[in-house]
Amino acid sequence: MKLVKLIANLGYGSRKDVAQMFRAGRITDADGEVLYADDVVAHETIRVDDEPLDPPTGLVLMMNKPLGVTCSRKDPGRVVYDLLPPRYTVRSPVLSSVGRLDRDTTGLLLFTDDGALLHRIIAPKAQVAKVYEATLAQDLRGGEGALFASGTMLLESEKEPLAPATLAVLGPRHARLTVTEGRYHQVRRMFAAAGNHVETLQRVSVGQLTLGALPQGEWRVLDADDVASIFAA
Ligand code: URA
């Protein structure tokens, strides 16, 4: 791909803006040599105003989503995209969250501009485990694990039973739930159907990829090993 198109697609400006950046000598290689629009150079050697060019298409990020932000670009108020560099929100192909977390749910949220990868992660057939930790308003009663694992549990107004999910009891009002689907408000609705109420909810892992030490509100670019860990058994 021509450099002007490549850099414009990464959100640095229109093609006209980027052509002007070339003319102004703002686009260089790693040694500070000015690049020209027709040059053929490796992505990682390109600098814009002395800063490395943003990552190429195929970008995958993880965020530790904080409370109080939503995942839809259209929502009023703060959205997860406000926590990313503004350029990332105007890239082409577009960067999207991989599924969504509720406003009041924290934890591991993935983003990618790779539509096929996004589909592979969220497709129920892929059986990628999403692990949530919940604190509950009332003590667990003891039957929830069997109900969630049954494969016959129906959520209100749904016709398709939930795939079996695994409950680990961490305390009287504290549980870890592993699901392989991503239905609307799924975890909250599962506990509600069991007569409880989720007070706090955090997603701690997707596949074998965990939040690690990533602080809330922060994000990082994933490498190939991180992405492979999403699909690791
Ligand atoms: N289940 C929920 O209830 N909320 C989320 O954000 C994710 C799963």
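Does Gln127 count as buried or exposed, and at what relative accessibility? At 52% relative accessibility, Gln127 counts as exposed (buried is under 20% relative accessible area, exposed over 50%, partly exposed in between, with a 1.4 Å probe and protein chains only).

The model is predicted, so local features need pLDDT of at least 70 and side-chain atom pairs count only at pLDDT 80 or more, while totals for chains, interfaces and linings use all residues. Residues are numbered from 1 along each chain as its sequence is written, and side-chain values use heavy atoms, with hydrogens and water left out.

**View 1. The whole protein has six helices and 12 strands.** Helices (H or I, at least four residues) and strands (E, at least two) are DSSP runs, numbered from the N terminus. The C-alpha trace spans about 70 × 35 × 35 Å along its principal axes. Of the 233 residues in the protein, 43% are buried.

View 2. Thr105 places a polar side-chain atom 3.1 Å from an oxygen atom of the ligand. From His185, a backbone N or O atom lies 3.2 Å from an oxygen atom of the ligand. A polar backbone atom of Val187 is 3.0 Å from a nitrogen atom of the ligand. On its own the ligand has 240 Å² of accessible area, and the protein covers 96% of that. Accessible areas come from the Shrake-Rupley method with a 1.4 Å probe; for residues, only the protein chains shown count as cover.

**View 3. Phe148 and Phe191 form one of three aromatic pairs.** Rings of Phe, Tyr and Trp (its six-membered ring) pair if their centres lie within 6.5 Å; planes under 30 degrees apart count as stacked, over 60 as edge-to-face and the rest as tilted. The ring centres of Phe148 and Phe191 are 5.2 Å apart and the planes stand at 90 degrees, so this pair is edge-to-face. The pair links distant parts of the chain, 43 residues apart: Phe148 is in helix 4 (residues 144–149) and Phe191 in helix 5 (residues 186–193). Both Phe148 and Phe191 are buried.

**View 4. Two arginines lie over aromatic faces.** A charge sits over a ring if NZ of Lys or CZ of Arg is within 6 Å of the ring centre and within 35 degrees of the ring normal. Arg91 lies over the face of Tyr88, at 5.7 Å from the ring centre. Arg120 lies over the face of Phe231, at 4.0 Å from the ring centre.

**View 5. Helix 2 (residues 15–23) has buried and exposed residues on opposite sides.** Val18, Met21 and Phe22 are buried. They cover an arc of only 100 degrees around the axis, which puts them on the same side of helix 2. The arc is that of the directions from the helix axis to the C-beta atoms. On the other side of helix 2, Lys16 and Arg23 are exposed.

**View 6. Helix 3 (residues 115–122) buries Leu117, Leu118 and Ile121.** Their arc around the axis is only 100 degrees, which puts them on the same side of helix 3. Gly115, Ala116 and His119 are exposed on the other side of helix 3.

**View 7. Asn64 is in strand 4 (residues 60–65).** Its relative accessible area is 5%, so Asn64 is buried. A polar atom of the Asn64 side chain lies 3.5 Å from the backbone nitrogen of Gly107.

**View 8. Loops hold a cis peptide bond and positive phi values.** The cis bond joins Ser92 and Pro93, with omega about 0 degrees. Pro93 is in the loop between strand 4 and strand 5 (96–97). Gln127, not a glycine, has a positive phi of about 60 degrees. Gln127 lies in the loop between helix 3 and strand 7 (130–136). Ser157, also not a glycine, has a positive phi near 65 degrees. The loop of Ser157 runs between helix 4 and strand 8 (166–171). Ser157 counts as exposed, at 75% relative accessibility.

**View 9. Leu162 lies in the loop between helix 4 and strand 8.** At 2% relative accessibility, Leu162 counts as buried. Leu162 and Val179 are 17 residues apart in sequence and 9.2 Å apart in space, C-alpha to C-alpha.

Conventions:
Polar contact = N/O pair within 3.5 Å; in protein donor to acceptor, adjacent residues only side chain to side chain.
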